[in-house]
Amino acid sequence: MRTPALRVAARVELLSLLVLLANLATVHLKAVSSLVGPAHGCAYLFVAVATWRLRAADRGIRAVAFVPGVGGLLALRRLAAADGAHQGEGAHGAAGVSSP
């Protein structure tokens with residue numbers, strides 16, 4: 001399954017959260033918060049909506065996308081696992097059928 005926009009948004013979501021937390025723990029510059037905060041919020045919303053729109057996403061994948069910071073990466077991991085399981089079933093089912 002090709003989800004390049006979701007991959008980018010998931011990484012931006014995590015990176016922006018790390019920048020916000022580092023800023024909070026160190027100098028707490030207001031300029032950093034005002035720039036990175038909205039970017040993090042947009043990436044979070046993009047990940048949630050993009051995951052919700054995927055046909056291959058089940059209820060669990062959609063729910064995990066709402067976890068702040070790492071939800072997008074977790075959703076991508078679960079999507080890849082589900083995609084691999086479906087491909088494996090198809091190959092196993094074809095090989096497991098014997099003809100009379």
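In what order do the elements of the chain run from the N terminus on? They run α-α-α-α. The model is a predicted one.

**Figure 1. The chain as a whole, with 4 helices and 0 strands.** The chain has 100 residues, of which 25% count as buried. Where contacts link residues at least 6 apart in sequence, 54% of them join residues at least 24 apart. A search for aromatic pairs through the whole structure returns 0.

**Figure 2. The packing of helix H1 on helix H2.** Helix H1 covers residues 4-25 and helix H2 covers residues 30-53. The two helices pack at an angle of about 145°, and their axes are 8 Å apart. The crossing in which H1 passes H2 is left-handed. On the H1 side, the contact is made by Ala5, Leu6, Ala9, Ala10, Val12, Glu13, Ser16, Leu17, Val19, Leu20 and Asn23. On the H2 side, Val32, Ser33, Val36, Gly37, His40, Ala43, Tyr44, Phe46, Val47, Ala50 and Thr51 take part. By class, the residues of this contact divide into 15 nonpolar, 6 polar and 1 charged.

Figure 3. Gly37 belongs to the H2 side of the contact with H1. The C-alpha atoms of Gly37 and Leu20 are separated by 7.1 Å, while the two residues are 17 residues apart along the chain. With neighbours within four places in sequence left aside, Gly37 is in contact with Leu20 and Val32. Gly37 has a relative accessible area of 24%, so it counts as partly exposed.

Figure 4. Leu20, Asn23, His28 and Pro38 are in contact with Ser33 when its neighbours within four places in sequence are left aside. Between the C-alpha atoms of Ser33 and Val19 the separation is 8.8 Å, with the pair 14 residues apart along the chain. Ser33 counts as partly exposed because its relative accessibility is 26%.

**Figure 5. His28 in the loop between H1 and H2.** The phi angle of His28 is near 55°, which is a positive value in a residue other than glycine.

**Figure 6. Arg62 over the face of Trp52.** Arg62 is placed in helix H3, which covers residues 59-64. Arg62 lies at 5.0 Å from the centre of the Trp52 ring. Apart from neighbours within four places in sequence, the residues in contact with Arg62 are Thr51, Trp52, Leu54 and Ala57. The C-alpha atoms of Arg62 and Gly72 are 9.6 Å apart, for a spacing of 10 residues along the chain. At a relative accessible area of 22%, Arg62 is partly exposed, because buried requires a value under 20%.

Terms used
Residues are numbered from 1 along each chain as its sequence is written. This is a predicted model: local features need pLDDT of at least 70, side-chain atom pairs count only at pLDDT 80 or more; totals for chains, interfaces and linings use all residues. Side-chain values use heavy atoms; hydrogens and water are left out. Axes are lines fitted to C-alpha atoms, for helices over the stretch in contact, and angles run from 0 to 180 degrees between N-to-C directions. A crossing is left-handed if the near helix is turned anticlockwise from the far one by less than a right angle, and right-handed if clockwise. Contact means heavy atoms within 4.5 Å. Ala, Val, Leu, Ile, Met, Phe, Trp, Tyr, Cys and Pro count as nonpolar, Asp, Glu, Lys and Arg as charged, and the others, Gly among them, as polar. Rings of Phe, Tyr and Trp (its six-membered ring) pair if their centres lie within 6.5 Å; planes under 30 degrees apart count as stacked, over 60 as edge-to-face and the rest as tilted. A charge sits over a ring if NZ of Lys or CZ of Arg is within 6 Å of the ring centre and within 35 degrees of the ring normal. Buried means under 20% relative accessible area, exposed over 50%, partly exposed in between (1.4 Å probe, protein chains only).
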